[in-house]
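Thanks for coming, everyone. Let me put the model on the screen, and then we'll walk through it.

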Amino acid sequence: MTPADPTPPTAPSSAPARPWALLAELTHACPLHCGYCSNPLELTRRSRELTGEQWTDVMRQAGEFGVVHTHLSGGEPLLRRDLAEIVTAAEAAGIYTQLVTSGVGLDRDRLSTLAAAGLRSVQLSVQHADPRASDRIAGRRSFAEKERAAGLVRAAGLPLGLNVVLHRENLDAIDALIELGLTWGVDRIELANTQFYGWGLLNRAALLPTRDQLARARDAVERWRERLTPDGPDLVWVVPDYFDGVAKPCMGGWGAVSLTVTPDGTVLPCPAAASLPDLDPPNIRDHPLAWIWDHSEAFTRYRGTDWMADPCRTCSRRDEDFGGCRCQAYALTGDATRTDPACRLSPDHGLIRSLADDSTKGRGVIRRRVPVRGG
Ligand code: SF4
Ligand code: FES
């Protein structure tokens, strides 16, 4: 890496708060083909991925810059043969590592190598509690490997989280999914309603649930919250913002607490930001992380509240939800500076309401990710 840019490396006195979280998208390659995937439609080829040495330098810079937590994600990060090297670099930089995985390809030796390198926790995805439905949604046989992976992680004594992306094909299985988490002995169950980016946006018509499905699922989660004892798993419900009339505080604010490094080294304020036109995102091969965070146009454009127009500009919630999601505003209105249409105060809220009202029809066939090419 040869950082070169004209701005002095020292941050100005008005420098923004530093990030504490890094999403490291190590590869877009993946053995699964989930229709809700938030990876971009144009997946990065393997030959364009950062090398292990370059990821080592990313971790060093991130640690020096104050990052304390990283999700090692993808695609499927286990497809990186040098994953342990990257974990070692994060550990040396003082960064807590969580592996975000489908579980496919995890065996006892691989896990013990990763744990020895300093891996701190694992988040395992599952698509449904019923093995055949899970395999169908994932686009290949994988449930048995997930079950085996959960057992290995428990046996290794690492904290284990279960992540389920929710949509019309699995929202009616909340009870069974929570029971699965209890059976697998997980510490946390994240029930994450689909966020519509990348392939998920492409497949939105087929994925959107009905309002009745959501209401039943919400009731089920509430019942489980009352039943679970304090030493049971944490139950996290990620809100379906298309249906709630409330904008989510996406990424905790633009360029506020978190950054994403994509497989080819592009550095983004959120995983979907490459979809915004004219953002011209910087690359870690060309600039130091500190310059990117403090000075790049991509990180400063929607930072804070000065960029906001009404109704956000004068709204009492603007410091809590930061006007919602820039990528969603762009995807739905063609203008990333507008209030997120998920907010019921947005003049564009009708766009989302009509999509949600229309969802009873459940239209469309899921279009699957294509395999990532090597060259
Ligand atoms: Fe949030 Fe803007 Fe809606 Fe106010 S108008 S609640 S700041 S998205
Ligand atoms: Fe980009 Fe929300 S996903 S700002």
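Start with strands β1, residues 21-25, and β2, residues 69-73: they pair in the parallel sense over five bridges. Two strands pair here if DSSP finds at least two bridges between them. Strands (E, at least two residues) and helices (H or I, at least four) are DSSP runs, numbered from the N terminus. Between β1 and β2 the chain passes through helix α1, residues 52-64, and this β-α-β crossover is right-handed. That is, with the strands pointing away from the viewer, the path from the first strand over the helix to the second runs clockwise.

A word on the source. This is a predicted model: local features need pLDDT of at least 70, side-chain atom pairs count only at pLDDT 80 or more, and totals for chains, interfaces and linings use all residues. Residues are numbered from 1 along each chain as its sequence is written, with chains lettered from A and ligands numbered from 1 in the order in which they are written.

Back to β1. It also pairs with strand β8, residues 258-261, in the parallel sense, over four bridges. Look at Ala 24. Its bridge partner in β2 is Leu 72. Its bridge partner in β8 is Val 261.

Now zoom out. What is the strand order of the sheet? The sheet is open, has nine strands and reads β7-β6-β5-β4-β3-β2-β1-β8-β9, with mixed pairing. β7 (234-238) and β9 (267-268) stand at the edges with a single partner strand each, so one side of each has no neighbour in the sheet. Further in, β3 (residues 96-101) and β4 (residues 121-125) run parallel, joined by four bridges. There, Thr 101 stands opposite Leu 124 of β4.

Next, the backbone. Most residues other than glycine have a negative phi, and most peptide bonds are trans. Here are the exceptions I picked. The bond joining Gly 74 and Gly 75 is cis, with omega about 10 degrees. Gly 75 lies in the loop between β2 and α2. Asp 310 to Pro 311 is also a cis peptide bond, omega near 10 degrees. Pro 311 sits in the loop between α12 (297-300) and α13 (318-321). Asp 280 is not a glycine, yet has a positive phi of about 50 degrees. Find Asp 280 in the loop between β9 and α11 (289-295).

Last, ligand 1. How many residues surround it? 13, and the closest are Ala 247, Cys 312, Cys 315, Arg 317 and Cys 343. A residue counts as near if its C-beta atom, placed from the backbone, lies within 6 Å.
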